[in-house]
Amino acid sequence: MLSVQPPISCYLCPICAASLQLNPSAKSYACANHHHFDLAKEGYLNLLPVQFKHSAEPGDNKQMMQARREFLEAGFYEPMATAVAAMIDANPAKHLLDLGCGEGYYSRKIEAYCENPIILHGVDIAKFAIAAAAKKQPDARFIVASSNRLPYADRYFDAVLRIFAPSNDDELRRVLKPSGFLLTVTPGPRHLWQLKQLIYAEAKEHALTDELPPGFEPMDTQRVSCTIAPNPQQRIALLHMTPFAWRANERVEQAIKESAELEIETDFILTLAIKAA
Ligand SMILES: C[S@@+](CC[C@H](N)C(=O)[O-])C[C@H]1O[C@@H](n2cnc3c(N)ncnc32)[C@H](O)[C@@H]1O
Ligand SMILES: [Zn+2]
């Protein structure tokens, strides 16, 4: 008798690591050990059980997310987003994972830009960010989980995208197929230089490092730089989406708001690497 194999699932149970299967009601996933995970009304899956949460609301807080939304939707990082989408389209990937995807701004840009068919997945530890991402992009597959413990099957992804997001080298290698791509975006030396000058007594340029996680070989590097002129409110949003926010007090915020016609350099390094066989 032919045995009927369940369809291959990309998800692993976060409790026992068995494969998760979508059950016929299509509203929840379950493993062979009867751990169940319901799809949220927005369509995402929460695979971060409370026992693995280190705080009530891990990841970026709502204020940071709102600031990032306001700033990104105004289009200031569009040149970088377009360069990322072009690099992905030039290296076709069926399954792409956006690691630390926040509210999915880059996933939506990729969907809109890429001509090659692509199935987009996004993961972030902040539940409210994933809920917003899933609502805005119903065709993509978003989950709540930590990049330190990715509930995805081994070698599932053709490509992983990491834009200003934390990651775990072992997990990155595990979820990528052999010869899969890793595309990272990191700040270049001049990134937000004028903003830093208003915050730090002695601002320092970001060091240019070409460090890749072990087991990856470089394929391509692009530097995307441009100057932006956000209005005072958008400058404050920019401040609050960066780690500089921790250093800024009221006096600094006032100086940022009041600087006449402040122009700010943006500088991004895009690094494409391939997983060594
Ligand atoms: C600087 S933001 C970048 C967001 C998005 N990639 C972008 O560039 O707009 C970092 C993101 O990583 C998420 N994050 C932080 N720690 C994480 C972890 N351990 N696992 C998954 N996501 C995490 C935060 O919630 C936040 O959305
Ligand atoms: Zn399980």
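No salt bridges run between domain 1 and domain 2 in this predicted model.

**Domain 1 against domain 2**
- The chain splits into domain 1 (7–39) and domain 2 (40–275), with C-alpha centres 28 Å apart.
- On the contact count, 11 residues of domain 1 touch 19 residues of domain 2.

**The zinc site**
- The zinc ion (ligand 2) is held by C13 (SG), C16 (SG), C31 (SG) and H35 (ND1), at 2.1 to 2.3 Å.
- Along the sequence, the donor residues follow the spacing C-x2-C-x14-C-x3-H.
- C16 sits in the segment before β1 (21–22) and C31 in the loop between β2 (28–30) and β3 (36–38), so this pair ties together parts 15 residues apart in sequence.
- C16 is partly exposed, with a relative accessible area of 29%, whereas C31 is buried at 7%.

**Salt bridges, pair by pair**
- E78 and K109 form a salt bridge, with their closest N and O atoms 3.2 Å apart. E78 belongs to helix α2 (residues 78–90) and K109 to helix α3 (residues 105–113), so the pair ties together parts 31 residues apart in sequence. E78 is partly exposed at 32% relative accessibility, and K109 is partly exposed at 25%.
- K177 pairs up with D158, with 2.8 Å between the closest N and O atoms. K177 lies in strand β9 (residues 176–187) and D158 in strand β8 (residues 157–163), so the bridge ties together parts 19 residues apart in sequence. K177 is partly exposed, at 29% relative accessible area, while D158 is buried at 17%.
- R190 and E265 meet through their side chains in another salt bridge, at 2.8 Å from N to O. That one links distant parts of the chain, 75 residues apart: R190 is in the loop between β9 and α6 (193–199), and E265 is in strand β11 (residues 264–275). R190 is partly exposed, with a relative accessible area of 24%.
- R69, E103 and K136 are joined into one network by salt bridges that share partners.

Definitions and conventions: Residues numbered from 1 in each chain as written. Chains lettered and ligands numbered in written order. Predicted model: local features only at pLDDT ≥ 70, side-chain atom pairs only at ≥ 80, totals over all residues. Heavy atoms only, no water. Donors = N, O, S within 2.8 Å, 3.2 Å for Na, K, Ca; no water. Helix = DSSP H or I, 4+ residues; strand = E, 2+ residues; numbered from the N terminus. Buried < 20%, exposed > 50% of the residue type's maximum accessible area, 1.4 Å probe, protein only. Domains from an automatic or database assignment. Contact = heavy atoms within 4.5 Å. Salt bridge = Lys/Arg side-chain N within 4 Å of Asp/Glu carboxyl O.
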